[in-house]
Amino acid sequence: MQLVPDSGPDEGAEDASPGGVGQVCEVVGERVRAIRRDLGLTMAQFAEAAGVSIGMLSKIEHGRTAPSIATLSGLARAGNVPITALFRGLDEEHDAIIVRAGEGTEIIHSGSGKGRSYRSLGALRGPDRQIEPLLITLSTADEVFPLYQHPGTELLYVLEGSMEYGYGSNRYLLEPGDTMQFQGEVAHGPTALVELPVRFLSLKVYPSAAR
C-alpha cells in the first residue's frame, strides 16, 4: 500500500482504486467506524477530534477514499489508538494456525488444578476473538468442578472416558463420540466423572463484535 502524505489532514486524499488499495480502504473504514462507535462518538464529534470534515470521515468509513498519513494520524489520535490499529483485519486475519500433535499451549483456566489439563489449540490473531478451541483432560474426580458461563455458544466432543455434564438444571451422560452444543450463558460444566481419564474437545464460538 502506498499512502501519499498531504499538506493538511483534509487535503490530498486519493480515491480508492480497485485491487489491494481498495481492500485497505475498506478495512481502514471498518476499523475507524468500530473505534468511533466504541467511544460512543457521533461522526461530527469524531471528525472534529480528528481534524477532518464530516464528509471526509463519511468517505473513509465507507471505504471510498484512501486517507493520507496525516489524516490517518489524526484518526488514530481521535480514537486514542496507535495508527497500526487502523489496519487490523488485513494480513493477520488470514493467518493459518497449525498446532502440531502435543504442542498445544497449556493454559491456566478457572478450573485448573491437580488432574485437570486445559490445552489451547490455537487462536487466530485479530481485533476480535471469535473461536476458542481447547483440549481438556480430566484425570481425577476427587474435587467439585466449577460451573462456567460465557458469551456465545459451545460445542463439546468427547474423545475418551465418560462424564456427567450439567447444563442448567439438567444432567447428561457423555461418552466417546458424543457431542453436545449449548448456549454459554447457561451455567454448565462436568458434574461427575464416570470413566477416567476424560478427554474432550471444547470449541467456544463468541458472538461477532457489534459494528
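**Strands, a helix and a cavity**

Author: This is a predicted model. Strand 6 (residues 153-167) and strand 8 run antiparallel, and five bridges join them.
Reader: Which residue of strand 8 is the bridge partner of Glu154?
Author: That is Phe182.
Reader: And which residues are on the covered face of strand 8?
Author: Met180 and Phe182 are on the covered face of strand 8 (residues 179-183). Thr179, Gln181 and Gln183 are on the uncovered one.
Reader: Why do the side chains alternate?
Author: In a regular strand, side chains alternate between the two faces of the sheet.
Reader: New topic. How many cavities of 30 Å³ or more are there?
Author: A search of the whole structure finds three.
Reader: Which residues are closest to its centre?
Author: Tyr118, Ile136, Tyr148, Glu154 and Tyr165, out of 15 lining residues. Glu154 is also the bridge partner of Phe182.
Reader: Which elements give two or more residues to that lining?
Author: Strand 5 (131-138), strand 6 and strand 9 (188-205). Strand 9 has the largest share, with five residues.
Reader: What about the lining by class?
Author: There are 10 nonpolar, three polar and two charged residues.
Reader: Now helix 4. Which of its residues are buried?
Author: In helix 4 (residues 69-79), the buried residues are Thr71, Leu72, Gly74, Leu75, Ala76, Ala78 and Gly79.
Reader: What follows helix 4?
Author: Asn80 does, and its phi is positive, near 55°.

Methods
Residues are numbered from 1 along each chain as its sequence is written. This is a predicted model: local features need pLDDT of at least 70, side-chain atom pairs count only at pLDDT 80 or more; totals for chains, interfaces and linings use all residues. Side-chain values use heavy atoms; hydrogens and water are left out. Buried means under 20% relative accessible area, exposed over 50%, partly exposed in between (1.4 Å probe, protein chains only). Helices (H or I, at least four residues) and strands (E, at least two) are DSSP runs, numbered from the N terminus. Two strands pair if DSSP finds at least two bridges between them. On a 1 Å grid over the protein atoms alone, a cavity is a set of points where a 1.4 Å probe fits but cannot get out, and a pocket is an open set with protein on both sides within 12 Å along at least five of seven lines; lining residues have an atom within 4 Å of a point. Grid points are joined across faces, edges and corners, and a volume is the space filled by probe spheres set on the points. Ala, Val, Leu, Ile, Met, Phe, Trp, Tyr, Cys and Pro count as nonpolar, Asp, Glu, Lys and Arg as charged, and the others, Gly among them, as polar.
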